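Please consult the sequence and the structure shown here before reading on.

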Amino acid sequence: MPGADKETDLSERIESFLSELKRCGSGAGSLRGSAETARETTSLLRRITAQARWGNAGELMEIIRKEGRRMTAAQPSETTVGNMVRRVLKIIREEYARSRGSSEETDQQESLHKLLTSGGSSEDNFRQHFAHLKANVIEAINELLTELEGTTDNISMQALEHIHSNEVIMTIGRSRTVEAFLKDAARKRKFHVIVAECAPFCQGHEMATSLSKEDIETTVIPDAAIFAVMSRVNKVIIGTQTVLANGGLRAVNGTHTLALAAKHHSTPLIVCAPMFKLSPQFPNEEDTFHKFVSPHEVLPFTEGEILSKVNAHCPVFDYVPPELITLFISNIGGNAPSYIYRLMSELYHPEDHEL
Amino acid sequence: MADSVGRQTDSINHATGEDGKSQDILRAKSEGKEMTKEEKQRLRKEKKQHKKNKKDDKGPPEKEKEKTSVPAPSKPVTQSPAHKAAPVPANASPSESSAAAEKPAKSKAELRAERRARQDSERASKQGKKEGGQQSASSKPKATPNELQPVLKRLPEHVQVDDPAALKKLAKKLERQQVPLRSDYGYKVSLFSHLHQYSRKHPPTQQISIPATVIHPSIVRLGLQYSQGIIAGSNARSVALLHAFKQVIQDYSTPPNEELSRDLVNKLSPYISFLSQCRPLSASMGNAIKYIKKEISNISSQCKEEEAKNRLQSCIDKYINEKIILASEAISKYAIEKISDGDVILVYGCSSLVNHILCEAFEKQRKFRVIVVDSRPRLEGREALRRLVKKGIRCTYVLISALSYILPEVSKVFLGAHALLANGYVMSRVGTSQIALVAKAYNVPVLVCCETYKFCERVQTDSFVSNELDDPDDLIVTRNGKTHLENWQTVKSLGLLNLVYDVTPPDFVDLVITDLGMIPCTSVPVVLRVKNVDQ
């Protein structure tokens, strides 16, 4: 039966996506960038919308929430998956509201009156059936996908506004966004880039070779030399894994040191992050914030005799508080860290913060 | 020795041109003979007279002339005032003594004459001989001329790599001393074009023929150990240097018609040049060399050779014992007071002194655990880790990029130092300033442990003007079978930077523990002044 085939096909795809997510998290930098993960998640969600069985918006949201929980559980550190799920849920709510004909502004803003009087009764509203809801939702998801395709280009287009000639720019590790950003600026301006290699994975080496191929003067420094050379740096431009709800960052380890050194020398710290990295998490969740990988990266097995007596740690991420950040550059333009909470309320519905 | 005296003779002849005795001496020199003792003494008396006359005629103008004759090659303006401002003892610092000879001969001759005169008069006054009023005048304690005299210091050669004139001078000097010149390797980052960058695969000993007649074999071995990184660490290098010098002194025999005090110092100069070609001298090594040279020149001419050699060897032993071994005992005693039970102590890299302190504290039954922070490419922390674990101390090991993660657990930070500069900055392994910075952000106290013999009169505010560049190939690493930087030489715009030292500003450091006690960072010039007056 065609229905059953579609369902098994769908569940197969979901399973394969989950297993890929699980495999990707070895910490050696994802085999795919966050942008690809976001795109794949969104296409998978579109497929679920198209092929799964659901009667009204509420059921659809339940299905998506369930799948979303499974996906985030597969790889908790890959927050773009959860972000995309929340975006799609918001889309569904919007489309539903539009089909019902009610204005959206009042729905979005949590006025004090609404909080006190209605008290979460909006759940039942999603039970109505609309014929065109599916098509509208799929169309909206397609728009989301096109937006995702263009994020890197949007960010790189702003490069010339922020980089002038003869600057010394410092970065850490490898970020595809920052790479595109710098390459775009290098087409018109000459500047010098210092890349901190970010042990133990040394992704900075890849970044440096890729930048130097575009004839950008690049220097690779070990992490220990970050403060030593910071006095000659004009700007620090970094990428990040996640932007947290308070405007802080969850970035690759070593970034907090870089941010402190930049603050000490009053060097501006610019974060290039597309909007799909914005996540409604806060950094106080102790057990889910940090992710560790095998300590043999730090202390290899060749040091055998002391290995058993020593604790070795290899954290992957660092928390950078929002006070150290000067500017966020995203596909919708430049923002201060203090504005992040507004952007978040536009992207996600507060009830979706907990999937 | 004969060379330099000869040149002075020439210059003095140019200046005065009428002294009959100097003609004799000139004749003797031109015949390539070594001058007899009497002739030398006559020469010295002449110069004293000369100096006295000159001093009366033109005091200040002479000083200015000497100042301007200091290397003219343009240096960044910030450097030269800094160097000139630092007071310098009248005894030649190693850089001065090894400086090249292309200066306007007159001022150099005068310098040397002054120096010679002072040394003579010192010795004379020590032996109780009276040679006239002028002696007592010039034998005043060197402290007073020091403080007021503007610095005649020349820039050390190893920060003038971007100046072709200085490079030529160096090449000539090394040729004269028969020391091989080491060539730079690889593309240098433009910010550091004033420093040398050598490759470990091309040691300087490749160009020395066997047998090496000019350089003593133990010095050759020492140089090779330095350049390959076999001996690393400020204390280890100084101790190895002193032991090698002991061997040199042992094998030394005074040639006829020479004084041990003069000749031995001259014999040491090419060795020092060779060692600095292998690896730039550290501040502690510089101080040790100064001490040895002073001791050698203080040997009276009355002393027999054997006795002199024994005296020198015991001086060296005493230096090592006092300044390094006993100092570390004293520092441990002070530092252990600062370690309490339940402490979590963070250390960086491998400092022999800090390791010693921790082992002592563990023996004294203090309960603490240690976090060892390490960094690429040297990974010296593993050595420290081995030593501490062998003692039985509980350790954790992280790389420096995980510092922000581990610091909330830490109660104290202990750091070692390579040198303490006169403006309170701590010069240490690269990464130390980072640790101090992040510790300050988390409000963790930072304690630096340093012996007083590492105190240095230089001043420096950033890690660029004077540093050491290590072999850039060390940064290359192979992960998952891929080596991204393998062919970095072929890519024109790619550079690798492997710094060795950095400077930590004094506001990050809470306390410095020395063998004289626990002092704040800013008291370093006080200690230096006290030491100078003592000597």
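The points that follow are grouped by topic.

The model is predicted. Over all chains, the structure holds 7 aromatic pairs. B:F192 and B:F464 form one of them, and this pair is stacked.

**The pair B:F192 and B:F464**

- The ring centres of B:F192 and B:F464 are 5.1 Å apart, with 20° between the planes.
- B:F192 belongs to the loop between α10 (164-177) and α11 (217-227) of chain B, whereas B:F464 belongs to the loop between β7 (446-449) and β8 (494-496) of chain B, so the pair ties together parts that are 272 residues apart in sequence.
- Buried or exposed, how do B:F192 and B:F464 count? Both residues are buried.
- B:F464 also receives a charge from chain A: the charged end of A:R232 sits over the ring of B:F464, 4.2 Å from its centre.

**Further aromatic contacts**

- B:F362 and B:F368 form an edge-to-face pair, because their planes stand at 90°, with the ring centres 6.5 Å apart.
- B:F362 counts as partly exposed because its relative accessibility is 28%.
- B:F368, with a relative accessible area of 6%, is buried.
- B:Y291, B:Y319 and B:Y453 are linked into a cluster by ring pairs.
- Within chain A, the charged end of A:R250 sits over the ring of A:F289, at 5.5 Å from the ring centre.

**Helix packing in chain B**

- Helix α12 (residues 234-251) of chain B packs with helix α13 (residues 260-278) of chain B at an angle of about 140°, and their axes are 12 Å apart.
- The crossing in which α12(B) passes α13(B) is right-handed.
- On the α12(B) side, the contact is made by B:L241, B:F245, B:V248 and B:I249.
- On the α13(B) side, the contact is made by B:L264, B:L268, B:Y271, B:I272 and B:L275.

**Make-up of chain A**

- Chain A has 15 helices and 11 strands in its secondary structure.
- Of the 355 residues in chain A, 55% are buried.
- Among contacts in chain A with a separation of 6 or more, 80% are between residues 24 or more positions apart.

Methods: Residues numbered from 1 in each chain as written. Chains lettered and ligands numbered in written order. Predicted model: local features only at pLDDT ≥ 70, side-chain atom pairs only at ≥ 80, totals over all residues. Heavy atoms only, no water. Phe/Tyr/Trp six-rings, centres within 6.5 Å; stacked < 30°, edge-to-face > 60°. Helix = DSSP H or I, 4+ residues; strand = E, 2+ residues; numbered from the N terminus. Buried < 20%, exposed > 50% of the residue type's maximum accessible area, 1.4 Å probe, protein only. Lys NZ or Arg CZ within 6 Å of the ring centre and 35° of its normal. Axes fitted to C-alpha atoms, helices over the stretch in contact; angles between N-to-C directions. Left-handed = near helix turned anticlockwise from the far one by under 90°. Contact = heavy atoms within 4.5 Å.
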